[in-house]
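Here is a brief report on one protein chain. Please keep the sequence and model in view while reading.

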Amino acid sequence: MTGRWWAKRKSAPDGLAGPKAEKSISLALQGGGAHGAFTWGVLDEILEDGRLSIEAISGASAGAMNAVVLAEGFLEGGVDGARRQLAQFWQKVSLDGSLTPLQRSVFDNFFGFWGTSAAPNFSWTEMLSQVTSPYDLNPLNVNVLKDVVEDLISFDKVRRCENVRLFISATNVRTGKIAIFENKVLTADHLMASACLPTLFQTVEIEGVPYWDGGFSGNPALFPLFYETACDDIILVQINPIERWETPRSAREIQNRLTEINFNAGLLRELRAVEFVTRLIDDGKLSKKEYKRVLMHRIDADQALKEESADSRLDADWDFFQKLRDIGRSTASAWLKKNYDSIGKEATLDLRETIK
């Protein structure tokens with residue numbers, strides 16, 4: 001990638017589009033555990049609406065899962081295939097999905113990952129994860145999520161996909177820098193790297209390099225969508241709230257808020273850069289011919305999930321997933337009704353207000 005935000009690439013992939021597609025966008029999908037089911041709902045609504053062609057998707061953690069599942073489903077069966085594949089993925093990773101009793105037992109007893117914050121073992125496993133590593137808690141490196149992904153997704157097809165560009169982020173443990181994996185190299189291990197919370201899972205090594213969750217360094221990464229896409233419009237699907245007005249007081253509340261802040265830090269830095277470059281372009285200090293004027297949009301879960309605690313991102317109950325899906329669908333529907341006409345013309349996210 002170059003060091004400049006070039007105006008546009010000369011060519012773009014066909015995009016993931018239905019017959020009604022009129023405008024092209026890129027998607028940036030945040031990670032956030034079970035709250036990624038909100039993003040599922042947003043994607044489901046965008047696909048059903050059919051007026052937007054998706055040129056590229058950047059994703060971290062749960063956002064990366066949604067991105068790859070959507071792309072592979074589209075290759076299998078177009079828009080309807082993408083919607084079916086997303087629904088199947090979230091069903092399979094739920095408590096009511098395809099987990100065997102042994103798999104559920106491992107996750108319930110060691111992680112509490114598939115339970116809610118109200119579960120009897122949640123506080124104990126949460127405390128244990130702070131003093132004991134997953135190498136001790138899970139020496140066999142059981143990863144149910146990887147089993148689901150390998151069973152559901154044909155990575156050979158994803159690697160050959162030319163309809164949409166995928167940018168999956170992970171964090172290089174040695175350097176602390178972000179790593180971006182594109183279609184042509186993607187495997188189940190790359191998705192596991194993007195979703196590797198180090199207190200829950202053993203480090204994922206790819207070609208000798210250790211990786212942790214992409215949310216630590218880019219949640220999601222926006223810069224590939226500046227450099228590598230033809231369309232100017234980026235829709236950010238944000239599921240980690242930037243603001244919470246209540247002051248955290250309990251140990252759990254403090255840890256949850258620290259996680260949210262850390263997982264938004266990289267995104268805020270990139271949004272600040274977008275605002276700065278956009279202002280320089282508008283002031284005539286940078287050439288529109290050489291620099292891309294990004295049009296940022298955001299569909300966020302702030303209001304929709306304001307009643308949900310941060311640790312509900314560990315709730316893998318199917319009913320909860322369906323609830324978040326429905327909230328995501330209604331939120332996206334309202335956003336499209338209000339903002340569709342602005343796509344391709346002007347940004348709908350007030351960057352100055354967001355970053356101040």
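## Basis and confidence

This is a predicted model, in which local features need pLDDT of at least 70, side-chain atom pairs count only at pLDDT 80 or more, and totals for chains, interfaces and linings use all residues. Residues are numbered from 1 along each chain as its sequence is written, and side-chain values use heavy atoms, leaving out hydrogens and water.

The chain has a mean pLDDT (the predictor's confidence in each residue, from 0 to 100) of 84. Of its residues, 82% reach 70 or more. Residues 1-10 fall below 50. Residues 105-125 stay under 50, with 41 contacts beyond four places in sequence in the model. Where pLDDT is low, the predicted coordinates should not be read in detail.

## Helices α1 and α11

Helices and strands are DSSP runs, numbered from the N terminus (helices H or I, at least four residues; strands E, at least two). Helix α1 (residues 36-49) packs on helix α11 (residues 318-339) at about 45°, with axes 6 Å apart. Axes are lines fitted to C-alpha atoms, for helices over the stretch in contact, and angles run from 0 to 180 degrees between N-to-C directions. The angle makes α1 oblique to α11; under 35 degrees counts as roughly parallel, over 145 as roughly antiparallel, 65 to 115 as roughly perpendicular and the rest as oblique.

Contact means heavy atoms within 4.5 Å. Among the α1 residues that meet α11 are Phe 38, Trp 40 and Glu 45. The α11 side includes Trp 318, Phe 321 and Arg 325.

## Helices α2 and α6

Helix α2 (residues 62-92) and helix α6 (residues 144-152) pack at about 160°, their axes 11 Å apart. That makes α2 roughly antiparallel to α6. From α2, the contact includes Met 65, Glu 72 and Phe 89. From α6, Leu 145, Val 148 and Leu 152 are among the partners.

Glu 72 lies in α2. Its relative accessible area is 2%, so Glu 72 is buried (under 20%; exposed is over 50%, partly exposed in between, with a 1.4 Å probe and protein chains only). Beyond four places in sequence, Glu 72 contacts Gln 85, Leu 152, Ile 153, Ser 154 and Val 158. The C-alpha atoms of Glu 72 and Arg 159 are 9.6 Å apart, across 87 residues of chain.

Ser 26 sits in strand β1 (residues 23-29). Ser 26 is buried, at 0% relative accessible area. Its contacts beyond four places in sequence include Ala 56, Leu 225, Cys 231 and Ile 235.
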